[in-house]
Amino acid sequence: MEDKTPSAPRVVVDEPLDGRRLVLIDGRDAGVVVSADELRRLLHRAGVMEEDAPLDNPELIEWNGGGSDDWPAAPR
């Protein structure tokens, strides 16, 4: 019998801590980012997604404490 349970997202972006967001890939600490561009570069370097891919794919990324547009420490 085939398992139809949806798999957990590979990437978890935790809520902002002092404006920075912790990124986990497959349960391992991948780094801290302060903007969507930094997250895209990190995920691209890790081979998880293309650098210009959208960040709002719930099958790939789980957002905690805000969504893909919540970057309190982003450079202005």
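The side chain of Arg21 comes within 3.0 Å of the backbone oxygen of Asp14.

The model is predicted, so local features need pLDDT of at least 70 and side-chain atom pairs pLDDT 80 or more, while totals for chains, interfaces and linings use all residues. Residues are numbered from 1 along each chain as its sequence is written, and side-chain values use heavy atoms, without hydrogens or water.

Arg21 belongs to strand β2. Its relative accessibility is 0%, and Arg21 therefore counts as buried; the cut-offs are under 20% relative accessible area for buried, over 50% for exposed, and partly exposed in between (1.4 Å probe, protein chains only). Arg21 also lies 8.1 Å from Trp71, C-alpha to C-alpha, although 50 residues separate the two in sequence.

In a regular strand, side chains alternate between the two faces of the sheet.

Next, the partners of the strand. The protein has one helix and four strands, in the order β-β-β-α-β along the sequence. These elements are DSSP runs numbered from the N terminus, with helices being H or I of at least four residues and strands E of at least two. The four strands make an open sheet of mixed pairing, ordered β3-β2-β1-β4. β3 and β4 each have a single partner strand, so they stand at the edges and one side of each is left without a neighbour in the sheet. The average twist from one strand to the next is 20 degrees. Two strands are said to pair if DSSP finds at least two bridges between them.

β2 pairs with β3 in the antiparallel sense over five bridges. Leu22 has Val32 of β3 as its bridge partner, Val23 is opposite Gly31, and Ile25 is opposite Arg28. With β1, β2 pairs in the antiparallel sense over three bridges, and here Ile25 of β2 is the bridge partner of Val11.

β2 and β3 form a hairpin with two residues between them. Asp26 lies in that loop. Most residues other than glycine have a negative phi. Asp26, however, has a positive phi near 50 degrees.

α1 lies across β1, β2, β3 and β4 and runs at about 150 degrees to β3; axes are lines fitted to C-alpha atoms, for helices over the stretch in contact, and angles run from 0 to 180 degrees between N-to-C directions. Within α1 (residues 36–45), the buried residues are Ala36, Leu39, Leu42 and Leu43. They span an arc of only 125 degrees around the axis, which means they are on the same side of α1; the arc is taken from the directions from the helix axis to the C-beta atoms. Their cover includes β1 (11–13), β2 (21–25), β3 (28–33) and β4 (61–63).

The largest nonpolar core holds 17 residues, and those with the most contacts inside it are Val11, Val23, Leu39, Leu43, Leu55 and Ile61. Such a core is a set of buried Ala, Val, Leu, Ile, Met, Phe, Trp, Tyr and Cys residues joined through side-chain atoms within 4.5 Å. β1, β2, α1 and β4 each give two or more residues to this core, and α1 gives the most, with four residues. Leaving out residues up to four places away in sequence, Val11 touches Val23, Leu24, Ile25, Leu43, Val48, Leu60, Ile61 and Glu62; contact means heavy atoms within 4.5 Å.

For the protein as a whole, 30% of the 76 residues are buried. Of the contacts between residues at least 6 apart in sequence, 44% join residues at least 24 apart.

Conventions: A polar contact is a pair of N or O atoms within 3.5 Å; within protein, one must be able to donate a hydrogen and the other to accept it, and residues adjacent in sequence count only if both atoms are side-chain atoms.
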